[in-house]
Each structure stands twice: as structure tokens, then as C-alpha cells.
Amino acid sequence: MRRASVVFSLLVAAVLVATGCGRSPGVRAAGAHPLTPASAAPFSTSSPSIGSHGSRSARLGGEAAAAPEAPAPPPHGAAAPVPDRAEGHGPGGSMTTMGSDAVALTFDDGPDPKSTMDLLDLLREQGVKATFCVVGFRVRDHPEVVRRIAAEGHTLCNHSWQHLQNLAQRDDSYLMWDLESTNAAIRAAAPGARIEYFRAPYGNFTPRLVAFAERFGMKSIYWSVDDQCWLTARYGVGPAMTSHITSVVQRETRRGGIILSHEAGKPHTIATYRSLVPWLKANFNLIALPTSQPPARPEGRRAS
Ligand SMILES: [Zn+2]
């Protein structure tokens, strides 16, 4: 039994490393930081979707069907009208906009002890707050990274325990366990942290999953801009990728937008945002997704 659990955990970790979290196939970046596998989940997770999760062709077809396109953005930029609704336009009723004129940078699939830390350094240097959608077993494995995310005033978002593509199809007892376990890991890492947002793996929201997240006091967030940093098979991880991400973000970002990106195992993301964040700052008000109270500082840490 123990051996089976370890094997499963290794499989989950391999799938997460090999994929991104957007609607489309992710390919592990060359030189990406290897991640520690999860330990066993207490629920049976022998879903056949695990096997196909890493299959590029399977994911392409499945996700195209599962995650409708976000609404087309209005014409570019600062002159575009401010959205009058904060939520409800995405799959399952998830949020695609902020409901204000601010723009939210969101980074998925961490925490990663290397790339998340590098990104936090970058954001600190730039004086920018962002939102981190973290995966439960990685929170458990790297609590110090989550502690720093909270301590530096960023917003935390539940990105499920083990990034199942078919999370929305799981039964109630599994969903309860998954979302609660992830929140518990976040709270253990950063006591007092506000956890008011949820993002389904791959954006595979359904009304039921959105309602489930609401039971935990979490709003479901989709995105209005997918920076496509996972398209490494097409653009690699060097200048061509930086050029692509920059082009997408500069073309598609509007006031009120939510930008989807991934930092875990994707150093090219950090390299790109080094130049892109100054552009975003010059054109938009970048904020972390707002919480009902400011993020709490971890206990036992100095306030200064
Ligand atoms: Zn993801």
C-alpha cells in the first residue's frame, strides 16, 4: 500500500512538472527545477485521467472542450471601459476580471523553492504585489515559500491539492478533502493567511465546483489573459518565448484584467517579467487580488 502511494505520488509530481496549468498543454521547460513529489493523498486517486493528463494530444482535445474561451477583450488598453462585474463571465461562473480598473498578475502551480523565490525577489524589487495559486502538496513540501508569499503582502489562492484535470468530476467527499487539505496546508505554512480565491486546475470550472469553492469562502478566478508561457514546445524558453509572452500580454491586457502565468519550473517566466513588469506598471495599476483583510504576517516573525 505504501509502495503504491509512493508510485502514485511520483506520477502526480511528474505530471505537474511536465504540464502547465492553463487550458493548453504545457511542456516542462528545459532546465526547470525538479520538484519533490507529493506524498500520498488519503483518497483514492486512481482516476484514469491521471494517465492521460500528461498526454499532449489528449489534453489538447479535452481541455478545449472543458474550458470555453474567455470573452473577447475590448479594444486595447487604458481607454477601454472598466468592467462593471467582478465575476461570472468565466467557465462555471468564475471571475475573469477584477471588477475595478486594476490588473492582477496571477502565478500558478507553485510554490517552487527556486522559481517562486526568484519571482518574489523580482516583485519586491519592482514594488509589485501579485497572486499565487498554489498546489497543496507543494505547499506542504515548501512551507517557507508560502510563508514568504504571505509575509510580503501577496495574495494566496487555492489551486487544489494535486492539480487533477478532472477535479470538477470528483465526488463531494473528495472535493471537501482536496480543498480543505490545501487550505489547511496554506494555513499551516502561513498562519492567519487569507485564502479567498480558488482556481481550478486548467481552469476547468463548473458551476458545481464554483459553488463548492464558495462553501469555503473562496471566489473562483479564471483569467482574461493567458500569457502562454507554457508554449515551450513552440517558443522554447529563450528570447522567442520572452518575445511571445510580452507580445501576448501587451496586446491583450486591459484595465480590470486577470493575467494567468506560471512560475513553477518556468524560469523563462521570471526572465520575461523582469522586463514586462515595468511595462505593466507604466500602463496599469497592478495589485494582488483583494482580500477582506490585509494578508496576515506569519506568527513568530518580526513585523518590520
Ligand atoms: Zn495549474
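What follows looks at some strands and then at one helix.

## Before you start

Keep in mind that this is a predicted model.

Let's begin with β3 (residues 155-158) and β4 (residues 195-198), which pair in the parallel sense over 2 bridges. If you want a spot to look at, N158 has F198 in β4 as its bridge partner. To get from β3 to β4, the chain goes through helix α7 (residues 172-189), and this β-α-β crossover is right-handed.

β4 also pairs with β5 (residues 219-220), again in the parallel sense and over 2 bridges. Here you'll find Y197 standing opposite K219 in β5. The chain takes helix α8 (residues 207-215) on its way from β4 to β5, making a β-α-β crossover that is right-handed.

Now hop over to helix α10, which covers residues 239-252, 14 residues in total. From first C-alpha to last, α10 reaches 20 Å, close to the 20 Å expected at 1.5 Å a residue.

Which residues of α10 are buried? They are M241, T242, I245 and V249. These four sit on the same side of α10 because they cover an arc of only 100° around the axis.

What do the buried residues of α10 pack against? Their partners are β6 (225-226), α9 (232-235), β7 (258-262) and α11 (267-283).

Note on methods
Residues numbered from 1 in each chain as written. Predicted model: local features only at pLDDT ≥ 70, side-chain atom pairs only at ≥ 80, totals over all residues. Expected span 1.5 Å × (residues − 1). Buried ≥ 20, exposed ≤ 12 C-beta atoms within 10 Å, placed from the backbone. Arc of directions from axis to C-beta. Contact = placed C-beta atoms within 7 Å. Pairing = 2+ DSSP bridges. Right-handed = clockwise from strand over helix to strand, strands pointing away.
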